[in-house]
Amino acid sequence: MKADPKGVLTGNHYLDGDHACAEGAIAAGCRFLAGYPITPSTEVAERVAERFPRVGGIFIQMEDEMGSMAAVIGAAWGGVKSMTVTSGPGFSLMMENIGLAAMMEAPCVVINVQRGGPSTGLPTLPGQADMMQARWGSHGDYEIIALSPNSPQECFEVVIEAFNLSEKYRVPVLVMADECVGHMTEKVVIPKAEEIELYPRRYTKLPPNKYLPFKPGEDMVPEMIKAGDGYKIHVTGLTHDEKGYPVMSWEAQEKLVRRLVEKIRLNAEIVHVEEIDTEDAEVVVLSYGISSRVAIPAIKKARKEGIKAGQLRLVIVWPFPEEKVRELAKKINAFVVVEMNYGQMFYEVERCVAGDCKTILVPHGGGWVHDPEDIYKAIKEAVK
Amino acid sequence: MKAVETVPAPEVIEHPMESLLRMDRIPHIWCSTCGIGTALTSFAEALKRIDTPLEKVCVVSGIGCTGRVAGYVKLDSFHSTHGRAIPFATGLKLANPELKVVVFSGDGDIIGIGGNHFIHAARRNMDMVVICVNNFIYAMTGGQVAATTPLTANTSTSPYGNFEQPFNLPHLAASCGAVYVARWTALHVRRSAKSMAEALNKKGFSFIEIICPCSTLYARRNKLGDGLSLMKFYHDNSVIKHGADTRELDIEFQKKIIVGKFIDRERPTFLESYNNGLKQVLKDKFVPYGGAHAD
Amino acid sequence: MSPGSDGKFWRKPLDYDKLEIPHGEIHIIKERCKGCGFCVEYCPRDVLELSTEFNTKGYHSPQVVKEDACVHCGLCEMLCPEFAIFVTEKPKEEVKKVES
């Protein structure tokens, strides 16, 4: 289905990443945001607070991030596309309820504009150190989808993609931006509403006496309802059966949690990467977010000196594009992983590569972007 | 010696509340002489007297013994995380303002871990009814001290007696701005049903505290007998004082309990303020929220 | 219905001949009962007592001992935490003189 023109600010804009995220959400049909201010994500909420009353949305600033995430899930069950925005410290607070969203299979989007951590860290400076937390942050076994935009334009697009993925797979989807992309201002082209494709919520057509809230379809995803439609379902964070009733047994756990994990893990179509010059590459820089842009000059410099360097940029970071990485690993000499942390996605690369090629990490504590020289040096190291 | 009589097959007779209960999950998990079932029965009675159709009534609960209520009512019910029933209900209500949202949870869940959400929802006058079953203890986890445990009471984490001053819940709710505040005990079945019905038919943040016996933990640990002994205590020691000053409603260990309807006032709800305010400022540029529609 | 602590009328109520005292028929779902005793304790007419029999869970459920005394007040039904007892209205009968 197409976007609602009322919410789409078609035209050429000069926006920063945060503002572009807000526009992307509104274009995607999000009409509920419950958030709590935290640098550097506050601007998303601020823009939404201003725009929602003009497009028919509700914004509420909650008393804390736990309340924000709980309200987001409640709103999802109330029948509206909902989201929240935060950064590192708030992300940590939201973890319990992200697990609840995964367990209840509530479609929602959480934007984390990452900053330097841990703890209060560097509130106004970038980081990319929450990547593993995005995947494993809440307790228990579950899978989520996480995306990483590398420009304000991509912020707009990725947020729409996030909403579509969350509706398709009934899973909380995380947008792992960073302060650099969030606060950089660039040209953002917002297309016409008819050009924006949206995935509608998978409401069931079954009558209440035949509908089972957690009975999966062919793709392991159950159909949804919204509260107040007479279905009278019970939804719980406890391990439950297809009716939604809590069942305290290992069989129910196996049936439910395995499906929660596999509906993402085994859906091979959840891949979105961008490849630059990888066809003939001997070294591939694997990165995401702002780091991927910082790597470009290094790759260009290497190419000038005859090193066949390329880039594999992850847009969907979780689930990790294992097949793509394994396929490349068989052809190339080395992966150079560039990320603004001391090694997080790097271990995923190592795991998938399993020795088929070298893996080199170019870490960075955050607070500023990499020096392209360091990336170039690592590329040179890789071909030795 | 008499031969063992065969147990006759149970008759199929339907309790009038069965249309409201998920009968495939009955009998419930609450202990013998626990008062939560009684509070739930009062709630069911109240539901007969409200204007909203039952499809639009949603129950949200948190974690704990009372939190299990959501699993037994045949309504759209949500069993969320510990302390987060109120913000969950906030999201639910704002997404679909036609819903009648009831938060039915325990004192530990609503006032302990959920305290922050409680005071803000009351302050905002979020349109919901909060029924707080107060058994003075964290029962589900084995009987730990709660923010409502009376001074000197024994719990598993206050084995020498509780030395912390507990909350006075009606006073807390009233000072935060709740528009309807009442306290009853589980024994006051008719009065609590009436209060619940009044609150359900009222707009704004309503708070009803139901003092319930906890037999296995609170009563046993404090050598008070069982739930029935506590009910008898409520019978002999509860005093009805409608409109009493909420400052005087503290509960001391095994002393008089003042019950009644204390606050019943009008204030614009969150959505009313939000919509009216925006309309005034934005005039015809204001597009009110169109209702639940995830498309 | 009877002013005065000795339970006798000190004057005959004006609508005495039109009065109908409701009578209830008590239904006990024995298997659901957990023997809490609320209904027994708070029946205003002492209609119920805990029986000596056990149900399959080992609890003593209530039994009706004064069937005619039930006035369909519904307190047992409202107090029961287990949804195990309820009252239905017996068909209307002739007005009986009230005996305390």
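**Figure 1. A strand of chain A joins a sheet of chain B.** In this predicted model, A:Thr236 has B:His79 as its bridge partner in β2(B). A second bridge in β2(B) links A:His234 with B:Ser77. Both views show the pairing of β10(A) with β2(B), which covers residues 76-79 of chain B. The two strands pair in the parallel sense. Three bridges connect them.

**Figure 2. The nine-stranded sheet that holds this pair.** The sheet is open, and its pairing is mixed. Its order is β10(A)-β2(B)-β1(B)-β3(B)-β4(B)-β6(B)-β5(B)-β8(B)-β7(B). One edge strand is β10 (234-236) of chain A. The other edge strand is β7 (238-240) of chain B. Each of these pairs on one side only. On average, neighbouring strands are turned by 20 degrees against each other, direction ignored.

**Figure 3. A helix of chain B across strands of its own chain.** Helix α6 of chain B spans residues 169-176. This helix lies across four strands of chain B: β4 (128-134), β5 (180-185), β6 (205-211) and β8 (257-264). Relative to β5(B), α6(B) runs at about 170 degrees.

**Figure 4. The contact between chains A and B.** Two pairs of chains touch, and the pair A and B has the most contacts. Chain A brings 48 residues to this contact, and chain B brings 42. On the chain B side, α2 (69-72), β2, α3, α5 (115-124) and α10 (270-282) each supply at least two residues. The largest share of this side comes from α3(B), with eight residues. By class, the chain B side has 19 nonpolar, 13 polar and 10 charged residues.

**Figure 5. Two α3 helices cross between the chains.** The crossing of α3(A) past α3(B) is right-handed. From α3(A), the residues that meet α3(B) include A:Gly67, A:Ala70, A:Ile73 and A:Trp77. Among their counterparts in α3(B) are B:Pro87, B:Phe88, B:Leu92 and B:Leu94. The contact of α3(A) with α3(B) has 12 nonpolar and five polar residues, but no charged ones.

**Figure 6. Chain C against chain B.** Here 19 residues of chain C are in contact with 25 residues of chain B. In chain C, α1 (38-42) and α2 (75-79) each supply at least two residues of the side that touches chain B. That side of chain C divides into 10 nonpolar, four polar and five charged residues. What separates chain C from chain A? The two chains do not touch, and their nearest C-alpha atoms are 19 Å apart.

**Figure 7. Two domains of chain A meet.** The domain assignment of chain A gives domain 1 (5-195) and domain 2 (273-382). The C-alpha centres of these domains lie 26 Å apart. Their contact takes 24 residues from domain 1 and 22 residues from domain 2. On the domain 1 side, two or more residues come from each of β6 (122-126), α5 (131-136), β7 (145-147), β8 (172-178) and α7 (179-183). Which element gives the largest share of this side? That is α5(A), with four residues. By class, the domain 1 side has 16 nonpolar, five polar and three charged residues.

**Figure 8. Helices α1 and α2 of chain A cross.** Helix α1(A) spans residues 17-27, and helix α2(A) spans residues 42-55. Their axes come within 8 Å and cross at roughly 35 degrees. α1(A) passes α2(A) in a right-handed crossing. In α1(A), the residues in contact are A:Asp18, A:His19, A:Cys21, A:Ala22, A:Ala25 and A:Ile26. They meet A:Glu43, A:Val44, A:Arg47, A:Val48, A:Arg51 and A:Val55 in α2(A). By class, this contact of α1(A) with α2(A) has seven nonpolar, one polar and four charged residues.

Terms used
Residues are numbered from 1 along each chain as its sequence is written. Chains are lettered from A and ligands numbered from 1 in the order in which they are written. This is a predicted model: local features need pLDDT of at least 70, side-chain atom pairs count only at pLDDT 80 or more; totals for chains, interfaces and linings use all residues. A crossing is left-handed if the near helix is turned anticlockwise from the far one by less than a right angle, and right-handed if clockwise. Two residues are in contact if their C-beta atoms, placed from the backbone, lie within 7 Å. Ala, Val, Leu, Ile, Met, Phe, Trp, Tyr, Cys and Pro count as nonpolar, Asp, Glu, Lys and Arg as charged, and the others, Gly among them, as polar. Domain bounds come from an automatic or database domain assignment. Two strands pair if DSSP finds at least two bridges between them. Axes are lines fitted to C-alpha atoms, for helices over the stretch in contact, and angles run from 0 to 180 degrees between N-to-C directions.
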